[in-house]
Amino acid sequence: MSSIVKIEAINKSYQSGNSFFQALSNVSLQVEKGEIVVVLGPSGSGKSTMLNAIGAIDEVDSGKICIDQQDITQFNNHQLVNYRREEIGFVFQMYNLIPNLTVYENIELTANICSNPLPIQEVIDAVGLNGMEDRFPRELSGGQQQRVSIARAVVKTPKLLLCDEPTGALDSNTSKEILNLIEKINKEYNTTVLIITHNQAISEMANRVVTLKDGKIESDVVNEHIKSAEGIEW
Amino acid sequence: MPLRKKLIRTILEKKAQFLSAWLLIVMSSIVFYSFTSAGANLIDNLDYFNKTNRVEDAHFIVEKPLADLSQFEERFQVKIEKRYRADVSFSTDTTLRLLDETGKINLSSVVKGEALDSEEDILIDQGFAKAHELSIGEDIQLNDKTYHVTGFMAIPDYIYPLKEESGFLKNPDAFGVAVVKESELENLKENLVYYSVRFSENNRGQFKAFLNQNNQLINWTDKKDNNRISFIRGDIEGIKKMGEFLPIAILFISIAIILILLWRLMKKEYSQIGTLYALGYKKSEIIRHYLSYASILAISGSVVGTFLGWLFLHPLLSAFASYYNLPVLVVEPHIVLLIVSLMLPLVFFIPLTYYLVMRVLRITPVSLIKGGELKVKVNRLERLLKLDKLTFKRKFVIREIIRNLPRALFLTIGAIFATVLLLFGFISKNSMEYLVTDNFNSVYHYEYNYIYSSLQTTLPDSGQIGSSAPFTINYKNEKQSLTINGLEPNNTAIQLQDIDGERLKYDSVIINKSLADKIGLQKGDTIHVTNQLSNTTFDITIDHIANSYLGDMIYMPLNQFNQLNGYPSGSYNQVFTNKELDISKENLVSVTKSSDTVDGFKQMIKPLNYGIAGIALVAAIISVIIIYILISLLIEENSFKISLMKVIGYNRGSIRKMMIGYNIWFIIIGFLIGIPITTLSISAFMNSITAEMNVSFPVKIDWFSIIISFSILILSYYISLWLNNKKLKSIPMTEAINRSTE
């Protein structure tokens, strides 16, 4: 396997008034193609900052973030937009759907701007939302909304699916369904998945589990006993 | 495109707010296009009419008839035409002025009907025909002769049919003009002969001097001093200025409202904007999306407004053209104005909206996804205020105000704007009423003013004598016309007072306020004046300024007037009297009745009342829109707080009082600031449009108008509250709970 993500010694700090906060400190990480990597850590550990930096919606102070051997920290604005458009799929904890667009239109929102989208209906079928195309987010349950969010990310066939607490707002049964779906996407489309969560249980389905604490990698462990999402004990 | 659908759905979701802002743009475009293009079309038609119908440059009366006009024409490269006019009685208190059919200058145009064919035919001005319900084909009786009305006409030297060229109020009920064959007027004993002239070279002075060599100029009126010809230009200027000032002001208000709406919308959509970033949308695509809101409103508003403006243009033009006796021959869309009307909102909106969107996009995508940082600033002003001793409710309200000062300021500006609009109509009416009822009646204490066609030396049977002549003064490199009146020191027909109300006697030189304001004269100033009839020049020193606004006048002792002008001692050319005198009409240039002027005013004030009601309605609509949008935004912005207050147990009345009620103070403050702003701006506005007219406008306002305007404004406020009541009611208590768990 070749690595799709190679992070080398990234640092990121925030300053608010007089207070200074080191979010990431000399973090290095490698993710192989097709892997599911779970990044665990409590609030404030820097996991979201790392995910945002990989997704090019936040900048780092120093270090390299290579995606498919290309250092995105050196990208210009145009390259960054293309990178986000074509290579990355985001799944958010609060789904972040556009409330006055239907299920179909929310997915179309992404399909319209990427160069090689999957057929929208195929993705809708894949995430199990068949028949709900014309519904608005407010007419869906939390789990259904997260499915739309996943479909929106997947439709562009991204190399990397970045999931920020994808089950954080869901009950255990729905969470399992969502993780199942992510697993399915990983297998069906060979999409590399990076999930950040504070929920330890999710790590059972990962190929590798990385633990962050106070902006530093505390552990990076290969999961010898991968369970299917269905088999996770919540 | 999904983003386009989002755009349309968002507008539909907030339709009341967007529709209100859109209406303001529509109103702005209607006013801009209808008024400016009406002004431009009127100028076109006026110029076209004056050119094709060869309006005079001046007219004059001489003591002895001019025998050979061609020698003048050749010598001075002018066109001269002998004119006849005769005032005949149409009915009791109604005069119809008969003019002869000209061939070279001041040609009449048949607006409706047929041209003159025989000596029994007559063409009548439209305004007079309408006022007296005369129709084409009808026969009328004048001086025991029956005339057949063959049509209605317009004539360039009577576009504004005033009995006196220095008058300012027309009254078609009492006065009108008609055209008959020259032979008809030659035979009338009350006819007056005068001459119209058109110059092709700048040799007016030589021409007048030549006339005075073997003859005596009794009266000379330049086109610009003839209100029958010149008044229309001032009015068109007024229309055009109104068409520029009002829509720009409305547009600024709508821009501010739309920017507030968009700012609020974007704030609400921070996380959507951040998500679009994360999905790979370019900054330019996000900017385009938000610019589309402003563009849709601006383009659709200006297209609809301009179209309606085009529809309004026609009735506006015909109303104006029929008020003045001007035929509307062409109506052009005026492409430049059309383009400006269509583009103006867009030109204002796009850069400002762009700036606003760019400000939002300066926030990092990560912050945007999180919904932006919540900032509850405690500003310096709030820290300075010691609110500890106040009750909770009062403290709450004061903090709300201090934390939202820009919104309070905008509400105040909105109230000022609505006040200016409301008071505009009232002040115009009050000022007109003052000009005539107070000023006219307090100054002029006579019923008849007889002006002779030559200087008189024997005293009349009754009445008070005086003299007047047209003069010019050089002001800012231009000749400003004025009239100098010589009066006997104890004259009581014209009673002037100074600014302090002190009665002035005619043993000194008095200038009226209208002229003093126009050329900036003070007591003690010396001016150099030139008699337009004789070219005699002399200096006079101003002793007093009189509080009178009618005409540009100087008054001085009659003896001094005669002496300075080289007129015989004791001579005079006018008589002021309260009873009708038996003076042969051929000896007179004109007879003016004060009651006709007052009637004319009453006639004129009638449509003004409808105008004021119209302006008040527009002002009320605008204020309802502004207040409605601001209060609905306030409710939306504070929905969490309102919901929380409902959960805690506050009733709707208390919530309304604490969250919205205080806004009434900004309406009141706006109204109070609006009063002086209105008087100052009307004064400037009126000065600019009356600069070319020999009348100035005293700006007056009464308590009744203030109370009515205030009531309309407060009513608008309560209507806005009532419209927003549903919104306040619909905020669920669950919102507070849901939002705090997110």
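Leaving aside neighbours within four places in sequence, which residues is A:Leu194 in contact with? They are A:Val31, A:Val37, A:Val39, A:Leu51, A:Ile54, A:Leu160, A:Leu162 and A:Cys163. This is a predicted model.

**The cores**

The largest nonpolar core has 203 residues. Within this core, A:Leu194 is among the residues that touch the most other members, along with A:Ile107, A:Ala151, B:Ala21 and B:Ile124. Helix H2 (residues 15-52) of chain B gives the most to this core, with 17 residues. Domain 1 (64-215) and domain 2 (392-443 + 594-742) of chain B each supply at least three residues to this core. There is also a second, separate core of 40 residues. B:Val197, B:Val529, B:Leu533 and B:Phe576 are included in the second core. In soluble globular proteins, nonpolar side chains tend to be buried together.

**Helix H6 of chain A**

Take helix H6 (residues 172-189) of chain A, which has 18 residues. At 1.5 Å a residue, H6(A) should span 26 Å. Its end C-alpha atoms are 25 Å apart, so the two values agree. The buried residues in H6(A) are A:Ser175, A:Lys176, A:Glu177, A:Ile178, A:Leu179, A:Leu181, A:Ile182 and A:Ile185. What covers them includes helix H5 (142-154), strand S7 (160-164) and strand S8 (192-197) of chain A. After H6(A) comes A:Asn190, with a positive phi near 55 degrees.

**Positive phi in chain A**

Most residues other than glycine have a negative phi. A:Ala56 is not a glycine, yet its phi is positive, about 60 degrees. A:Ala56 sits in the loop between helix H1 (47-54) and strand S4 (62-67) of chain A. Is A:Ala56 buried or exposed? A:Ala56 has 23 C-beta neighbours inside 10 Å, so it counts as buried. A:Glu165 has a positive phi too, near 45 degrees. A:Glu165 lies in the loop between S7 and H6 of chain A. A:Glu165 counts as buried because it has 20 C-beta neighbours inside 10 Å. The cut-off for buried is 20 or more.

**Annotated stretches**

UniProt, in an unreviewed entry, gives residues 5-234 of chain A the annotation "domain: ABC transporter". For chain B, an unreviewed UniProt entry lists "transmembrane region" for several stretches, including residues 333-357 and 662-683.

| Span | Helix | Strand | Distance between end C-alpha atoms |
|---|---|---|---|
| Residues 5-234 of chain A | 28% helix | 29% strand | 29 Å |
| Residues 333-357 of chain B | 92% helix | 0% strand | 36 Å |
| Residues 662-683 of chain B | 95% helix | 0% strand | 33 Å |

**Domains of chain B**

The domain assignment of chain B gives domain 1 (64-215), domain 2 (392-443 + 594-742) and domain 3 (448-578). The centres of domain 1 and domain 3 of chain B, taken over C-alpha atoms, are 29 Å apart. In chain B, 5 residues of domain 1 are in contact with 4 residues of domain 3. The domain 1 side of this contact in chain B has 1 nonpolar, 3 polar and 1 charged residue.

**Where the chains meet**

Methods:
Residues numbered from 1 in each chain as written. Chains lettered and ligands numbered in written order. Predicted model: local features only at pLDDT ≥ 70, side-chain atom pairs only at ≥ 80, totals over all residues. Helix = DSSP H or I, 4+ residues; strand = E, 2+ residues; numbered from the N terminus. Expected span 1.5 Å × (residues − 1). Buried ≥ 20, exposed ≤ 12 C-beta atoms within 10 Å, placed from the backbone. Contact = placed C-beta atoms within 7 Å. Core = buried A, V, L, I, M, F, W, Y, C linked by C-beta atoms within 7 Å. Domains from an automatic or database assignment. UniProt positions renumbered as here; feature names shortened; annotations may be inferred. Nonpolar A, V, L, I, M, F, W, Y, C, P; charged D, E, K, R; others polar.
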